[in-house]
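Here is a brief report on a single protein chain. It moves from the annotated domain to the pockets and then to the strands.

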Amino acid sequence: MKTESLHPRDALFESNERAPALPVCDHYAGVPARMAKSLQMQGELGPVFDVTLDCEDGAPVGGEAEHAAHVAELLVSPANRFDRVGARVHPADHPSFEQDVDTLVKTAGERLAYLMVPKVSGLAQTTRAVEAIDAAARRHGLARQVPVHALIETHGGLREVFDIAALPRIESLSFGLMDFVSAHRGAIPQAGMSALGQFEHPLVLRAKLEIAAACHAAGKTPSHCVVTEFRRASLLQEAATKACRQLGYLRMWSIHPDQIRPIVEAFAPTAAETDMATEILMAARAARWAPISHRDTLHDRASYRYFWHVLERAHRTGQPLPAEVREVFFEDDLT
(Lines give C-alpha, C1' and ligand atoms only; values in the text may rest on other atoms or scores of the structure.)
Protein backbone atom coordinates (compact mmCIF):
# COMPACT_ATOMS: atom_id res chain seq x y z
CA MET A 1 0.00 0.00 0.00
CA LYS A 2 1.25 3.47 -0.78
CA THR A 3 2.50 5.41 2.25
CA GLU A 4 1.60 9.03 1.65
CA SER A 5 4.67 10.48 3.39
CA LEU A 6 6.93 8.35 1.20
CA HIS A 7 5.49 9.46 -2.12
CA PRO A 8 7.94 11.63 -4.12
CA ARG A 9 5.36 14.39 -4.64
CA ASP A 10 5.10 14.80 -0.86
CA ALA A 11 8.58 13.86 0.30
CA LEU A 12 10.68 15.71 -2.28
CA PHE A 13 8.72 18.85 -3.15
CA GLU A 14 7.25 21.76 -1.26
CA SER A 15 3.59 22.46 -1.99
CA ASN A 16 4.48 25.45 -4.19
CA GLU A 17 6.82 23.28 -6.29
CA ARG A 18 4.20 20.75 -7.37
CA ALA A 19 3.56 21.84 -10.93
CA PRO A 20 0.76 20.04 -12.80
CA ALA A 21 2.03 17.25 -15.03
CA LEU A 22 0.47 17.99 -18.40
CA PRO A 23 0.45 15.59 -21.37
CA VAL A 24 3.47 16.17 -23.61
CA CYS A 25 1.46 16.76 -26.80
CA ASP A 26 -1.16 19.45 -27.39
CA HIS A 27 -3.13 18.69 -30.56
CA TYR A 28 -5.00 21.57 -32.24
CA ALA A 29 -8.15 21.18 -34.33
CA GLY A 30 -10.67 23.77 -35.45
CA VAL A 31 -12.68 22.35 -38.35
CA PRO A 32 -15.71 20.36 -37.09
CA ALA A 33 -14.74 17.10 -38.78
CA ARG A 34 -11.17 17.32 -37.49
CA MET A 35 -12.32 18.21 -33.99
CA ALA A 36 -14.49 15.08 -33.91
CA LYS A 37 -11.64 12.96 -35.30
CA SER A 38 -9.22 14.33 -32.69
CA LEU A 39 -11.54 13.39 -29.83
CA GLN A 40 -11.95 9.94 -31.34
CA MET A 41 -8.16 9.50 -31.49
CA GLN A 42 -7.79 10.60 -27.90
CA GLY A 43 -10.40 8.06 -26.90
CA GLU A 44 -8.41 5.34 -28.67
CA LEU A 45 -4.90 6.30 -27.55
CA GLY A 46 -5.78 7.54 -24.07
CA PRO A 47 -4.89 10.87 -22.42
CA VAL A 48 -1.28 10.84 -23.58
CA PHE A 49 -2.12 14.00 -25.50
CA ASP A 50 -4.45 16.95 -24.99
CA VAL A 51 -6.88 18.23 -27.60
CA THR A 52 -7.34 21.98 -28.04
CA LEU A 53 -10.51 22.90 -29.91
CA ASP A 54 -9.82 26.12 -31.77
CA CYS A 55 -12.27 29.01 -31.58
CA GLU A 56 -9.76 31.47 -33.05
CA ASP A 57 -8.54 30.10 -36.39
CA GLY A 58 -11.30 27.50 -36.58
CA ALA A 59 -14.23 29.92 -36.58
CA PRO A 60 -15.45 31.36 -39.91
CA VAL A 61 -15.78 35.14 -40.01
CA GLY A 62 -19.26 36.00 -38.85
CA GLY A 63 -19.79 32.54 -37.38
CA GLU A 64 -17.75 32.94 -34.18
CA ALA A 65 -20.69 32.50 -31.80
CA GLU A 66 -21.96 29.36 -33.49
CA HIS A 67 -18.47 27.86 -33.59
CA ALA A 68 -17.91 28.50 -29.87
CA ALA A 69 -21.28 26.90 -29.10
CA HIS A 70 -20.29 23.82 -31.11
CA VAL A 71 -16.97 23.59 -29.26
CA ALA A 72 -18.81 23.81 -25.94
CA GLU A 73 -21.12 20.98 -27.00
CA LEU A 74 -18.14 18.78 -27.86
CA LEU A 75 -16.58 19.51 -24.49
CA VAL A 76 -19.61 18.17 -22.61
CA SER A 77 -20.22 15.27 -24.99
CA PRO A 78 -19.28 11.62 -24.28
CA ALA A 79 -16.45 12.08 -26.81
CA ASN A 80 -14.55 14.00 -24.11
CA ARG A 81 -13.68 10.83 -22.20
CA PHE A 82 -10.77 12.01 -20.07
CA ASP A 83 -11.49 15.72 -19.43
CA ARG A 84 -8.24 16.54 -21.21
CA VAL A 85 -9.78 18.83 -23.81
CA GLY A 86 -9.25 22.59 -23.81
CA ALA A 87 -10.16 25.43 -26.12
CA ARG A 88 -8.37 28.36 -27.71
CA VAL A 89 -10.40 31.56 -27.59
CA HIS A 90 -9.94 34.73 -29.62
CA PRO A 91 -7.28 37.23 -28.47
CA ALA A 92 -8.24 39.33 -25.46
CA ASP A 93 -8.66 42.48 -27.58
CA HIS A 94 -10.90 40.75 -30.17
CA PRO A 95 -14.66 41.47 -30.11
CA SER A 96 -15.40 37.74 -29.76
CA PHE A 97 -13.11 37.10 -26.77
CA GLU A 98 -15.67 37.65 -24.01
CA GLN A 99 -18.36 35.85 -25.96
CA ASP A 100 -16.06 32.83 -26.42
CA VAL A 101 -15.22 32.76 -22.74
CA ASP A 102 -18.81 33.16 -21.59
CA THR A 103 -20.12 30.43 -23.89
CA LEU A 104 -17.42 27.92 -22.98
CA VAL A 105 -17.49 28.56 -19.24
CA LYS A 106 -21.30 28.58 -19.05
CA THR A 107 -21.77 25.33 -20.96
CA ALA A 108 -18.58 23.40 -20.27
CA GLY A 109 -16.78 25.05 -17.36
CA GLU A 110 -16.67 21.84 -15.32
CA ARG A 111 -15.12 19.90 -18.21
CA LEU A 112 -12.62 22.42 -19.61
CA ALA A 113 -9.02 21.27 -19.19
CA TYR A 114 -7.87 24.85 -19.89
CA LEU A 115 -8.48 27.97 -21.95
CA MET A 116 -5.70 29.13 -24.28
CA VAL A 117 -5.43 32.91 -24.74
CA PRO A 118 -3.44 33.82 -27.88
CA LYS A 119 -1.37 36.88 -28.79
CA VAL A 120 -1.05 38.30 -25.28
CA SER A 121 0.62 41.71 -25.55
CA GLY A 122 2.09 41.71 -22.06
CA LEU A 123 1.41 41.26 -18.37
CA ALA A 124 -1.45 43.74 -18.15
CA GLN A 125 -3.47 42.18 -20.96
CA THR A 126 -2.83 38.66 -19.69
CA THR A 127 -4.02 39.70 -16.24
CA ARG A 128 -7.20 41.20 -17.71
CA ALA A 129 -7.85 38.03 -19.70
CA VAL A 130 -7.50 35.88 -16.57
CA GLU A 131 -9.81 38.23 -14.68
CA ALA A 132 -12.42 37.96 -17.45
CA ILE A 133 -12.26 34.16 -17.32
CA ASP A 134 -12.62 34.16 -13.54
CA ALA A 135 -15.49 36.67 -13.73
CA ALA A 136 -17.32 34.36 -16.13
CA ALA A 137 -16.80 31.47 -13.74
CA ARG A 138 -18.32 33.46 -10.87
CA ARG A 139 -21.17 34.64 -13.07
CA HIS A 140 -22.12 31.09 -13.92
CA GLY A 141 -21.58 29.64 -10.46
CA LEU A 142 -18.54 27.58 -11.39
CA ALA A 143 -16.78 26.30 -8.27
CA ARG A 144 -13.45 25.52 -9.92
CA GLN A 145 -10.89 27.81 -11.53
CA VAL A 146 -10.35 27.04 -15.21
CA PRO A 147 -6.59 26.71 -15.90
CA VAL A 148 -5.27 29.38 -18.25
CA HIS A 149 -2.63 28.93 -20.95
CA ALA A 150 -1.18 31.82 -22.94
CA LEU A 151 0.49 32.07 -26.32
CA ILE A 152 3.67 34.17 -26.47
CA GLU A 153 3.96 35.46 -30.04
CA THR A 154 4.33 39.25 -29.72
CA HIS A 155 7.26 41.47 -28.78
CA GLY A 156 5.42 42.68 -25.69
CA GLY A 157 4.56 39.18 -24.56
CA LEU A 158 8.17 38.06 -24.87
CA ARG A 159 9.45 41.20 -23.12
CA GLU A 160 7.31 40.44 -20.05
CA VAL A 161 7.34 36.66 -20.26
CA PHE A 162 8.83 36.12 -16.79
CA ASP A 163 6.08 38.23 -15.21
CA ILE A 164 3.40 36.45 -17.25
CA ALA A 165 4.72 33.02 -16.26
CA ALA A 166 4.71 34.08 -12.60
CA LEU A 167 0.95 34.77 -12.61
CA PRO A 168 -0.58 32.15 -10.28
CA ARG A 169 -3.43 31.39 -12.69
CA ILE A 170 -1.14 30.62 -15.63
CA GLU A 171 -0.50 26.90 -16.09
CA SER A 172 1.45 26.84 -19.37
CA LEU A 173 2.99 29.17 -21.96
CA SER A 174 3.34 28.30 -25.64
CA PHE A 175 5.56 29.86 -28.28
CA GLY A 176 3.78 31.17 -31.37
CA LEU A 177 6.43 30.79 -34.06
CA MET A 178 4.60 32.03 -37.14
CA ASP A 179 3.25 35.28 -35.71
CA PHE A 180 6.52 35.96 -33.90
CA VAL A 181 8.53 35.70 -37.12
CA SER A 182 5.98 37.79 -39.02
CA ALA A 183 6.22 40.51 -36.37
CA HIS A 184 9.84 41.11 -37.43
CA ARG A 185 8.76 42.66 -40.76
CA GLY A 186 10.86 40.37 -42.91
CA ALA A 187 14.03 40.70 -40.83
CA ILE A 188 13.86 36.99 -40.03
CA PRO A 189 13.96 34.94 -43.27
CA GLN A 190 11.31 32.39 -44.13
CA ALA A 191 13.66 29.62 -43.03
CA GLY A 192 13.09 30.83 -39.48
CA MET A 193 9.60 29.31 -39.68
CA SER A 194 10.79 25.92 -40.94
CA ALA A 195 11.10 22.74 -38.92
CA LEU A 196 14.85 23.02 -38.37
CA GLY A 197 15.55 26.64 -39.33
CA GLN A 198 13.62 27.79 -36.29
CA PHE A 199 16.40 26.33 -34.15
CA GLU A 200 19.11 28.27 -35.97
CA HIS A 201 18.05 31.92 -36.20
CA PRO A 202 19.31 33.76 -33.06
CA LEU A 203 16.16 35.85 -32.57
CA VAL A 204 13.89 32.82 -32.73
CA LEU A 205 16.18 30.72 -30.56
CA ARG A 206 16.35 33.52 -27.99
CA ALA A 207 12.55 33.62 -27.79
CA LYS A 208 12.33 29.87 -27.28
CA LEU A 209 14.92 29.95 -24.50
CA GLU A 210 13.30 32.92 -22.74
CA ILE A 211 9.92 31.22 -22.68
CA ALA A 212 11.34 27.93 -21.43
CA ALA A 213 13.40 29.67 -18.74
CA ALA A 214 10.45 31.78 -17.58
CA CYS A 215 8.22 28.73 -17.27
CA HIS A 216 10.75 26.69 -15.33
CA ALA A 217 11.45 29.61 -12.99
CA ALA A 218 7.74 29.79 -12.16
CA GLY A 219 7.01 26.05 -12.14
CA LYS A 220 4.89 26.23 -15.28
CA THR A 221 4.90 24.08 -18.44
CA PRO A 222 6.68 25.43 -21.54
CA SER A 223 4.99 24.26 -24.73
CA HIS A 224 6.89 24.23 -28.02
CA CYS A 225 5.53 25.57 -31.29
CA VAL A 226 4.34 23.91 -34.46
CA VAL A 227 6.16 22.16 -37.26
CA THR A 228 4.22 22.94 -40.41
CA GLU A 229 5.89 20.32 -42.64
CA PHE A 230 3.44 17.72 -41.33
CA ARG A 231 4.13 15.19 -44.10
CA ARG A 232 7.84 14.88 -43.23
CA ALA A 233 7.99 12.77 -40.09
CA SER A 234 11.78 12.87 -39.82
CA LEU A 235 11.77 16.67 -39.58
CA LEU A 236 9.13 16.61 -36.89
CA GLN A 237 11.00 13.96 -34.93
CA GLU A 238 14.22 15.97 -35.04
CA ALA A 239 12.47 19.20 -34.06
CA ALA A 240 10.61 17.56 -31.18
CA THR A 241 13.82 15.96 -29.92
CA LYS A 242 15.65 19.30 -30.01
CA ALA A 243 12.80 21.04 -28.21
CA CYS A 244 12.77 18.44 -25.46
CA ARG A 245 16.43 17.51 -25.08
CA GLN A 246 18.16 20.84 -25.81
CA LEU A 247 15.69 23.63 -25.02
CA GLY A 248 13.89 22.23 -21.99
CA TYR A 249 10.35 22.10 -23.37
CA LEU A 250 7.91 19.72 -21.70
CA ARG A 251 5.14 19.84 -24.27
CA MET A 252 4.68 20.48 -27.99
CA TRP A 253 1.92 21.42 -30.39
CA SER A 254 0.54 19.07 -33.03
CA ILE A 255 -1.45 20.38 -35.99
CA HIS A 256 -1.98 17.11 -37.82
CA PRO A 257 -3.02 13.68 -36.46
CA ASP A 258 0.15 12.12 -37.89
CA GLN A 259 2.24 14.33 -35.62
CA ILE A 260 0.81 13.09 -32.32
CA ARG A 261 2.65 9.79 -31.94
CA PRO A 262 6.08 11.13 -33.02
CA ILE A 263 5.80 13.99 -30.51
CA VAL A 264 4.82 11.65 -27.67
CA GLU A 265 7.70 9.33 -28.57
CA ALA A 266 10.24 12.18 -28.78
CA PHE A 267 9.24 13.55 -25.38
CA ALA A 268 9.25 10.14 -23.69
CA PRO A 269 12.37 9.09 -21.78
CA THR A 270 14.35 6.20 -23.19
CA ALA A 271 13.94 2.74 -21.73
CA ALA A 272 17.39 3.06 -20.12
CA GLU A 273 16.44 6.37 -18.51
CA THR A 274 13.19 4.93 -17.19
CA ASP A 275 14.92 1.83 -15.81
CA MET A 276 17.51 3.90 -13.97
CA ALA A 277 14.87 6.22 -12.55
CA THR A 278 12.88 3.22 -11.36
CA GLU A 279 15.86 1.59 -9.65
CA ILE A 280 16.97 4.77 -7.91
CA LEU A 281 13.54 5.88 -6.74
CA MET A 282 12.54 2.46 -5.41
CA ALA A 283 15.81 2.24 -3.49
CA ALA A 284 15.46 5.81 -2.22
CA ARG A 285 11.92 5.17 -1.07
CA ALA A 286 13.08 2.08 0.83
CA ALA A 287 15.69 4.31 2.51
CA ARG A 288 12.96 6.85 3.35
CA TRP A 289 14.63 9.33 0.96
CA ALA A 290 17.95 9.33 2.77
CA PRO A 291 21.08 9.33 0.52
CA ILE A 292 21.86 6.07 -1.27
CA SER A 293 24.59 4.61 -3.46
CA HIS A 294 23.55 3.29 -6.86
CA ARG A 295 26.09 1.80 -9.27
CA ASP A 296 28.91 3.45 -7.32
CA THR A 297 27.27 6.89 -7.52
CA LEU A 298 25.82 8.79 -4.57
CA HIS A 299 22.28 10.13 -4.85
CA ASP A 300 20.23 12.36 -2.58
CA ARG A 301 17.06 14.45 -2.74
CA ALA A 302 18.40 16.68 -5.52
CA SER A 303 18.90 13.78 -7.93
CA TYR A 304 15.76 12.07 -6.65
CA ARG A 305 13.73 15.05 -7.84
CA TYR A 306 15.31 14.76 -11.28
CA PHE A 307 14.58 11.04 -11.55
CA TRP A 308 11.02 11.55 -10.35
CA HIS A 309 10.43 13.91 -13.27
CA VAL A 310 11.82 11.25 -15.62
CA LEU A 311 9.55 8.56 -14.18
CA GLU A 312 6.52 10.83 -14.20
CA ARG A 313 7.13 11.69 -17.86
CA ALA A 314 7.41 7.98 -18.67
CA HIS A 315 4.03 7.46 -17.06
CA ARG A 316 2.46 10.41 -18.89
CA THR A 317 3.68 9.13 -22.26
CA GLY A 318 2.32 5.64 -21.72
CA GLN A 319 5.65 3.86 -21.24
CA PRO A 320 5.41 0.37 -19.71
CA LEU A 321 6.26 0.39 -16.01
CA PRO A 322 6.56 -2.53 -13.58
CA ALA A 323 3.33 -3.27 -11.71
CA GLU A 324 5.00 -2.49 -8.38
CA VAL A 325 6.11 0.93 -9.60
CA ARG A 326 2.64 1.75 -10.91
CA GLU A 327 1.07 0.65 -7.64
CA VAL A 328 3.51 2.55 -5.43
CA PHE A 329 3.87 5.79 -7.38
CA PHE A 330 0.80 6.05 -9.62
CA GLU A 331 -1.92 4.31 -7.60
CA ASP A 332 -4.26 7.29 -7.96
CA ASP A 333 -4.14 6.87 -11.76
CA LEU A 334 -5.10 3.19 -11.73
CA THR A 335 -8.74 2.55 -12.50
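## Annotated domain

UniProt, in an unreviewed entry, places the feature "domain: HpcH/HpaI aldolase/citrate lyase" at residues 52–253. UniProt positions follow the numbering used here, feature names are shortened, and annotations may be inferred rather than shown by experiment. The span 52–253 is 44% helix and 14% strand. Its end C-alpha atoms lie 10 Å apart. Helices (H or I, at least four residues) and strands (E, at least two) are DSSP runs, numbered from the N terminus.

The model is predicted: local features need pLDDT of at least 70, side-chain atom pairs count only at pLDDT 80 or more, and totals for chains, interfaces and linings use all residues. Residues are numbered from 1 along each chain as its sequence is written, and side-chain values use heavy atoms, with hydrogens and water left out.

## Largest pocket

The largest pocket has a volume of about 780 Å³. It is lined by 29 residues. Nearest its centre lie His216, Leu250, His309, Glu312 and Arg313. The largest share, 7 residues, comes from α13. By type, the lining of the largest pocket divides into 14 nonpolar, 5 polar and 10 charged residues. Here Ala, Val, Leu, Ile, Met, Phe, Trp, Tyr, Cys and Pro count as nonpolar, Asp, Glu, Lys and Arg as charged, and the others, Gly among them, as polar. Domain 1 (8–13 + 270–333) and domain 2 (25–267) each give at least three residues to the lining of the largest pocket. These bounds come from an automatic or database domain assignment.

A pocket is defined on a 1 Å grid over the protein atoms alone, as an open set of points where a 1.4 Å probe fits, with protein on both sides within 12 Å along at least five of seven lines; lining residues have an atom within 4 Å of a point. Grid points are joined across faces, edges and corners, and a volume is the space filled by probe spheres set on the points.

## Second largest pocket

The second largest pocket has a volume of about 610 Å³. Its lining has 28 residues, and Tyr28, Asp54, Asp57, Arg88 and Ile255 are the closest to its centre. The elements giving two or more residues to this lining are β1 (25–29), α2 (32–45) and α8 (177–182). The lining of the second largest pocket divides into 12 nonpolar, 7 polar and 9 charged residues.

How many of the residues of β1 are buried? The count is 5 of the 5, so β1 is largely enclosed by the rest of the structure. Buried means under 20% relative accessible area (1.4 Å probe, protein chains only). Cys25, His27 and Ala29 point one way from β1, and Asp26 and Tyr28 the other way.

β1 pairs with β2 (residues 49–54) in the parallel sense over 5 bridges. Two strands pair if DSSP finds at least two bridges between them. His27 has Val51 in β2 as its bridge partner. β1 also runs parallel to β8, joined by 3 bridges. There, Asp26 stands opposite Trp253.

## Strands β8 and β7

Both faces of β8 (residues 251–254) are covered. Arg251 and Trp253 are buried on one side, Met252 and Ser254 on the other. β7 (residues 221–224) runs parallel to β8, with 2 bridges. His224 has Met252 in β8 as its bridge partner.

Pro222 sits in β7. Pro222 counts as buried because its relative accessibility is 0%. Pro222 and Leu250 are 28 residues apart in sequence and 5.8 Å apart in space, C-alpha to C-alpha.

Methods:
Buried means under 20% relative accessible area, exposed over 50%, partly exposed in between (1.4 Å probe, protein chains only).
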